[in-house]
Amino acid sequence: MKENFNNNNDLIRYLKKGNTNAYAYLVDTYNHKLCLYANSLMNDTPASEDIVQNVFIKVWEKRDNLKTDFSVKSYLYKSVYNACINEYKRNQSVTGLEKKYIEELGRIVEDKDEDALEKLIGLVKEAIHELPPKCKEVFLLSKKEGLTNIEISEYLNISKNTIERHINIAFSKIRENVGKKTDMILFLLFGFRENLRDK
């Protein structure tokens, strides 16, 4: 008779026994979702896939230590989140402002359901997608490509004041959709620093 791994406690029990079918079920069920989640944090598909693979390997290697009373899904998401943040810290010198946002992101992962961050990221991406074309172009050149307002002005051949107006409009429209966590999610998506604007 085929084992049923849908039940969280049964899945953990089988994993602790070293059941390879349980492990295959775990990977099949969560690999794609976790890769998408990691990539939303990293914006780097190969690095995201490596992180997720390493998380699964660690789960298998440390399966004897798994507790039967915790959520596998939450554990996986939190492990991926922590690995992404650690990777970011390794590659960047983290400012005080970034530290604040990293801590706040950690609280979201810790205190809310594991899909909360994905929902916020989705709202920001949707808001950016719905910006007027020129406003969207200016905003992405600033935040995604890291260009200064002067560089964008020269590139698009429009005034610096127009650039600033487009960026302010973009921030306002995104905040209408996302609220007070806008800056935190934008930091996460684009890793921008000096360009981060006060609310």
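Among contacts in the chain between residues at least 6 apart in sequence, what percentage join residues at least 24 apart? In this predicted model, the share is 65%.

## Overall build

The secondary structure of the chain consists of ten helices and zero strands, and reading along the sequence therefore gives the pattern α-α-α-α-α-α-α-α-α-α. Of the 199 residues in the chain, 39% are buried. In soluble globular proteins, nonpolar side chains tend to be buried together. In this model, the largest nonpolar core has 54 residues, and those with the most contacts inside this core are L26, L76 and V80. The element that gives the most to this core is helix 2, residues 20-42, with nine residues.

F5 has its place in the segment before helix 1, which runs over 8-16. Is F5 buried or exposed? Its relative accessible area is 5%, and because buried means under 20%, F5 counts as buried. Once its neighbours within four places in sequence are left aside, F5 is in contact with L11, Y14, N19, N21, A22 and Y25. Ten residues along the chain from F5 is L15, and the C-alpha atoms of F5 and L15 are separated by 9.8 Å.

L76, one of the residues with the most contacts inside the largest core, touches L26, Y30, L34, V55, F56 and V59 when residues up to four places away in sequence are not counted.

M42 lies in helix 2, and apart from its neighbours within four places in sequence, M42 is in contact with A47, S48, I51, C84 and E87. The C-alpha atoms of M42 and Y88 are separated by 7.9 Å, although these two residues are 46 residues apart along the chain.

| Helix | Number of residues | Span in the model | Expected span |
|---|---|---|---|
| Helix 3 | 17 residues | 24 Å | 24 Å |

Two packed helices are described by the angle between their axes and the distance between the axes. The axes of helix 6, residues 116-129, and helix 10, residues 182-190, come within 10 Å and cross at roughly 85°, which makes helix 6 roughly perpendicular to helix 10. On the side of helix 6 the contact is made by L117, L120, I121, V124, K125 and I128, while helix 10 brings I185, L186, L188, L189 and F190. The residues of this contact divide into ten nonpolar, no polar and one charged.

In helix 7, the buried residues are C135, V138, F139, L141, S142 and K143, and what covers them includes helix 6, helix 8, helix 9 and helix 10. In helix 9, the buried residues include T162, I163, H166, I167, A170, F171, I174 and V178, and their cover includes helix 6, helix 7, helix 8 and helix 10.

## Around the ends of helix 9

The loop between helix 8, residues 149-156, and helix 9, residues 160-178, holds N157, and I158 is found in the loop between these helices as well. Most residues other than glycine have a negative phi, and most peptide bonds are trans. N157 is a residue other than glycine with a positive phi, near 60°. With a relative accessible area of 69%, N157 is exposed, whereas I158, at 23% relative accessibility, counts as partly exposed. Which residues does I158 touch, not counting residues up to four places away in sequence? They are V138, S153 and I163; V138 is among the buried residues of helix 7, and I163 is among the buried residues of helix 9. Just after helix 9, G179 takes a positive phi of about 85°.

Terms used: Residues are numbered from 1 along each chain as its sequence is written. This is a predicted model: local features need pLDDT of at least 70, side-chain atom pairs count only at pLDDT 80 or more; totals for chains, interfaces and linings use all residues. Side-chain values use heavy atoms; hydrogens and water are left out. Axes are lines fitted to C-alpha atoms, for helices over the stretch in contact, and angles run from 0 to 180 degrees between N-to-C directions. Helices (H or I, at least four residues) and strands (E, at least two) are DSSP runs, numbered from the N terminus. Angles under 35 degrees count as roughly parallel, over 145 as roughly antiparallel, 65 to 115 as roughly perpendicular and the rest as oblique. Contact means heavy atoms within 4.5 Å. Ala, Val, Leu, Ile, Met, Phe, Trp, Tyr, Cys and Pro count as nonpolar, Asp, Glu, Lys and Arg as charged, and the others, Gly among them, as polar. Buried means under 20% relative accessible area, exposed over 50%, partly exposed in between (1.4 Å probe, protein chains only). A nonpolar core is a set of buried Ala, Val, Leu, Ile, Met, Phe, Trp, Tyr and Cys residues joined through side-chain atoms within 4.5 Å. The expected span of a helix is 1.5 Å times one less than its number of residues.
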